[in-house]
Amino acid sequence: MSTNRQNFEISFDVYVGTTKELELEIIDPDTGLAKDITDTNLYTSGVVQILMPDETQIGADIPISFTERANSIILFTITSTHTTSANAGNWIGKAVFKNISSVVIDQQKFGLNILQ
């Protein structure tokens, strides 16, 4: 069972059994403004993970698309394989970014509510 343990500035609601494309603006924690993700050598690839409060991952990594790098926007799709009744609850979403050498260089967390 899930528990709200942190409040995230960004939170998404997705209903059980739903496939939904979500848009996330990447924020620089030092400034609170949009982060510069235009350098394709630095921000080469990324995934979104859905995590329980103890950091146990729910389902597989979800690939992201860098759709509007100049505006710090990524897209990812939560599918019905993630939004099962068994996964209903308040979880942590984490966007993980890798550089050209496949080294994790940045991460951003957000709230994800899978609703019955």
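Q: How do β3 and β7 pair, and over how many bridges?
A: β3 and β7 run antiparallel, with 7 bridges between them. Strands are DSSP runs of E with at least two residues, numbered from the N terminus, and two of them pair if DSSP finds at least two bridges between them. One thing to keep in mind is that this is a predicted model, where local features need pLDDT of at least 70, side-chain atom pairs count only at pLDDT 80 or more, and totals for chains, interfaces and linings use all residues. Residues are numbered from 1 along each chain as its sequence is written, and side-chain values use heavy atoms, leaving out hydrogens and water.

Q: Thanks! Which residue stands opposite Phe97 of β7?
A: That's glycine 46.

Q: And what sheet do these strands belong to, in what order?
A: An open sheet of 5 strands, ordered β1-β8-β7-β3-β4, with mixed pairing. At its edges are β1 (11–15) and β4 (57–63), each pairing on one side only. From one strand to the next, the twist averages 25°, taken between lines fitted to C-alpha atoms, with N-to-C angles running from 0 to 180 degrees.

Q: Where does the parallel part come in?
A: Look at β1 and strand β8 (residues 104–115): they run parallel and are joined by 5 bridges. There, aspartate 13 stands opposite asparagine 113 of β8.

Q: What about β7 and β8, parallel or antiparallel?
A: Antiparallel, over 10 bridges. Glycine 89, for instance, has isoleucine 114 in β8 as its bridge partner. The hairpin of β7 and β8 has 5 residues between the strands, and serine 102 takes a positive phi near 65° there.

Q: How many residues of β7 are buried?
A: 8 of the 10, so β7 is largely enclosed by the rest of the structure. Buried means under 20% relative accessible area, exposed over 50%, partly exposed in between (1.4 Å probe, protein chains only).

Q: Which residues make up the covered and uncovered faces of β1?
A: Phe12 and Val14 are on the covered face, while Ser11, Asp13 and Tyr15 are on the uncovered one.

Q: Switching to aromatics: how many pairs turn up?
A: There are 5 aromatic pairs in the whole structure. Rings of Phe, Tyr and Trp (its six-membered ring) pair if their centres lie within 6.5 Å; planes under 30 degrees apart are stacked, over 60 edge-to-face, the rest tilted. Take phenylalanine 12 and phenylalanine 110: their ring centres are 5.5 Å apart and their planes at 80°, so this pair is edge-to-face. Phenylalanine 12 sits in strand β1 and phenylalanine 110 in strand β8, so to speak distant parts of the chain, 98 residues apart.

Q: What's the geometry of the tyrosine 43 and phenylalanine 97 pair?
A: Edge-to-face, 5.5 Å centre to centre and 65° between the planes. Tyrosine 43 is in the loop between β2 (20–25) and β3, and phenylalanine 97 is in strand β7 (residues 89–98), so the pair ties together parts 54 residues apart in sequence. Tyrosine 43 is buried at 3% relative accessible area, and phenylalanine 97 is buried too, at 0%.

Q: OK, now the other sheet. What's the strand order there?
A: 3 strands form an open sheet in the order β2-β6-β5, with antiparallel pairing. The edge strands are β2 and β5 (65–68), each of which pairs on one side only. Direction ignored, neighbouring strands of this sheet are turned by 35° against each other on average.

Q: How many bridges join β5 to β6?
A: 2 bridges join β5 to strand β6 (residues 73–78), and the strands run antiparallel. Glutamate 68 has isoleucine 73 in β6 as its bridge partner.

Q: Last one: where does glycine 17 lie?
A: In the loop between β1 and β2. Glycine 17 counts as exposed, at 52% relative accessibility. Its C-alpha is 8.9 Å from that of glutamine 116, though glycine 17 and glutamine 116 are 99 residues apart in sequence.

Key
Helix = DSSP H or I, 4+ residues; strand = E, 2+ residues; numbered from the N terminus.
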